[in-house]
Amino acid sequence: MTSIEQQVILVTGATDGLGREVATSLARQGATVLLHGRNQDKGATLADDLRHSTGNSKIRYYNADLNSLSEVRQLAATIRAAEPRLTVLANNAGIGPVAPQAPRRTSADGHELFFAVNYLAGYLLTHALLPLLRASAPARIINVASIGQQALAFDDVMLIRDYDDARAYRQSKLAQILFTFDLAEQLHGTSVTVNCLHPATLMNTRMVLDSAYFPGAKSTIAEGVTALEHLMLGTDLAGVSGQYFEGLEPGRPNEQAQSPDARRQLRDLSARLTQATS
Ligand SMILES: NC(=O)c1ccc[n+]([C@@H]2O[C@H](COP(=O)([O-])OP(=O)(O)OC[C@H]3O[C@@H](n4cnc5c(N)ncnc54)[C@H](OP(=O)(O)O)[C@@H]3O)[C@@H](O)[C@H]2O)c1
């Protein structure tokens, strides 16, 4: 079993909300924590604060805006060059639904923004870091998805027709789950596992508190941290792969996640859009 001091854990979206809290907890426990964010000053300040408040010097910050596939590629290349090991990758960064009638937005690459930031960036980052994860095995990949899910319409994945903010969010979250199940099959027989989760319902993060969709928070970030750390470090999950959790328990995702055809369509589309190879 890998001790916490030997763990090297990359948390995307570590500058706020769930990511910041889990990074803080891992730093306190003595792990090497690789923080990722999109705002250099915010990230560098957080890294300084964590080194100071936890006494853990093994904290490094990496900057990339996940709305750009070239920045995701550069992020992976920088990490591969600087870090000899990576034992956990948590694809946590995300954007939430803002308001009904919110306009459709696109990424730097022209892709629908929720699909790009919440799903496609993690797909590319994971594939680009797989050689490092394989070399550091046993290693774990965790995709922070959500209980808010909706089947992807493959004739209009980017929601050019009938755009709806909440639907765009839910599709992107289900895409993470399809990806998790698909990748687990590809990694079968290796010591790299991949699982996903709904961390907790309506945690008190900016994603929830700033959204017109939600009545307010219903759970704490601490509950989400417990669930996410279980997937990262839980000894009961050694070798477990291709699972979806709701909090600490196995859950049942939208039935499209079980469709080999849907998974193949998403895999083909993602490979085409990202040109990822691993
Ligand atoms: N909150 C909930 O109740 C809940 C429920 C289910 C699932 N989730 C999932 O949990 C994850 C974390 O959510 P949260 O509630 O902690 O949200 P949050 O407080 O809004 O934090 C989101 C993090 O992602 C980063 N981020 C957003 N867009 C980015 C981009 N284009 N490039 C790089 N980083 C970007 C943010 O950076 P900045 O600091 O620069 O803003 C921040 O660090 C998300 O995947 C979300 O879907 C949350």
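## Overall architecture

Helices (DSSP runs of H or I, at least four residues) and strands (DSSP runs of E, at least two residues) are numbered here from the N terminus. By that definition, the protein has 8 helices and 8 strands. This is a predicted model: local features need pLDDT of at least 70, side-chain atom pairs count only at pLDDT 80 or more, and totals for chains, interfaces and linings use all residues. Residues are numbered from 1 along each chain as its sequence is written.

The C-alpha trace spans about 50 × 40 × 35 Å along its principal axes. The radius of gyration, taken over C-alpha atoms, is compared with a globule rule of 2.2 Å times the number of residues to the power 0.38. For 278 residues a compact globule would have a value near 19 Å, and the 17 Å of the protein agrees with this.

## Burial and contacts

A residue is termed buried if 20 or more other C-beta atoms lie within 10 Å of its own, exposed if 12 or fewer do, and partly exposed in between, with C-beta atoms placed from the backbone. Buried residues account for 47% of the 278 residues.

Two residues are in contact if their C-beta atoms, placed from the backbone, lie within 7 Å. Of the contacts between residues at least 6 apart in sequence, 72% join residues at least 24 apart.

## The sheet

Strands pair if DSSP finds at least two bridges between them.

Ala 139 stands opposite Val 192 in β6.

## Helix α4

Leu 130 belongs to helix α4 and counts as buried because it has 24 C-beta neighbours inside 10 Å. Leu 130 and Thr 277 are 147 residues apart in sequence, yet their C-alpha atoms are 9.7 Å apart in space.

## Helix α1

In helix α1 (residues 17–29), 10 of the 13 residues are buried, so the helix is largely enclosed by the rest of the structure. Among these buried residues are Leu 18, Val 22 and Leu 26. The buried residues of α1 pack against β1 (8–11), β2 (32–37), α2 (40–54), β3, α6 (206–209) and α7 (221–233). Gly 30, with a positive phi near 105°, follows α1.
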